[in-house]
Amino acid sequence: QVRLVESGGGLVQAGDSLRLSCAFSGRAFDTYAMGWFRQTPGKEREFVAAVTWSGGATYYVDSAKGRFTISRDNAKNAVYLQMNSLKPEDTAVYYCAVCTVIRAGECIPYNNWGQGTQVTVSS
C-alpha cells in the first residue's frame, strides 16, 4: 500500500520561493516515475511536473517551465518541487502522485492521493 504525504506549502508573496516535499511510504519507490499536480476550487486537478524513476528526465507544464524544478531522492523515498518566482495564479493545493506512465510529457497518475499541501501566493 503506497502512502503519499505532501508538505512545505504556505502563504508567500509574489516572487517568493517555496520547496514542496512528498514522502513516499511503500515499496519500490525507485521504480516509479513521480509527478506533482495542483488543484484550485471548482477546477480539475492539473499536471505540473514529472520526473522519471532515475531522475534522468523531467517534464513540466508550460506555465512552470523555467520557474519550477522537480527532483527526487531515491535513498529518502522523496520527491520535491522547487518553486521560484511564484505568481498568484500558482495558488492551489499541490499533490504528488505515482505515475502509471509518462505519456506525451505528462504523468498519468494512479488514483492514490495524499492530503495535499496548500500554496497561497499573494500579489
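This is a conversation about the links and contacts inside one predicted model.

Visitor: What kind of model is this, and how are residues numbered?
Guide: This is a predicted model, in which local features need pLDDT of at least 70 and side-chain atom pairs count only at pLDDT 80 or more, while totals for chains, interfaces and linings use all residues. Residues are numbered from 1 along each chain as its sequence is written, and side-chain values use heavy atoms, with hydrogens and water left out.

Visitor: How many disulfides are there?
Guide: The search of the whole structure finds 2 disulfides, a disulfide being a pair of cysteine sulfur atoms within 2.5 Å. Cys22 and Cys96 form a disulfide with sulfur atoms 1.9 Å apart. Cys99 and Cys107 form another, with sulfur atoms 2.1 Å apart.

Visitor: Changing topic, which residues touch the most others in the largest nonpolar core?
Guide: Of its 27 residues, Trp36, Phe68, Leu81, Met83 and Tyr94 touch the most other members. The elements giving two or more residues to this core are S3, strand S4 (34-39), strand S5 (46-51), S7, strand S8 (78-83), S9 and strand S11 (117-122). A nonpolar core is a set of buried Ala, Val, Leu, Ile, Met, Phe, Trp, Tyr and Cys residues joined through side-chain atoms within 4.5 Å.

Visitor: What lies apart from that core?
Guide: Another core, of 7 residues, lies apart from it, with Ala33, Phe47, Ala50 and Cys99 among its members.

Visitor: And how many aromatic pairs are there?
Guide: The structure holds 5 aromatic pairs. Rings of Phe, Tyr and Trp (its six-membered ring) pair if their centres lie within 6.5 Å; planes under 30 degrees apart count as stacked, over 60 as edge-to-face and the rest as tilted. One of the pairs is Phe24 with Phe29, which is tilted, at 4.9 Å centre to centre and 55° between the planes. Phe24 counts as buried at 5% relative accessibility, and Phe29 counts as buried at 2%.

Visitor: What about Tyr95 and Trp113?
Guide: Tyr95 and Trp113 form an edge-to-face pair, 6.0 Å centre to centre with 80° between the planes. Tyr95 lies in strand S9 and Trp113 in the loop between strand S10 (106-109) and S11, so this pair ties together parts that are 18 residues apart in sequence. Tyr95 counts as buried at 11% relative accessibility, whereas Trp113 counts as partly exposed at 26%. Phe37, Phe47, Tyr95 and Trp113 form one aromatic cluster.

Visitor: Which charged residues are linked in a network?
Guide: Arg38, Glu46, Arg67 and Asp90 are linked in a network of salt bridges, a salt bridge being a side-chain nitrogen of Lys or Arg within 4 Å of a carboxyl oxygen of Asp or Glu. Between Arg38 and Glu46 the closest N and O atoms are 2.6 Å apart, and between Asp90 and Arg67 they are 2.7 Å apart. Asp90 is in the loop between S8 and S9, and Arg67 in the loop between strand S6 (58-60) and S7, 23 residues apart.

Visitor: What does buried Arg72 have around it, then?
Guide: Arg72 is buried yet has no salt bridge, and the nearest side chain of opposite charge, Asp30, is 6.8 Å away; Lys and Arg count as positive and Asp and Glu as negative, with His and the chain ends not counted. A polar atom of the Arg72 side chain lies 2.9 Å from the backbone oxygen of Phe29, and the Arg72 side chain also reaches the backbone oxygen of Trp53 at 3.4 Å.

Definitions and conventions. Buried means under 20% relative accessible area, exposed over 50%, partly exposed in between (1.4 Å probe, protein chains only). A polar contact is a pair of N or O atoms within 3.5 Å; within protein, one must be able to donate a hydrogen and the other to accept it, and residues adjacent in sequence count only if both atoms are side-chain atoms. Helices (H or I, at least four residues) and strands (E, at least two) are DSSP runs, numbered from the N terminus.
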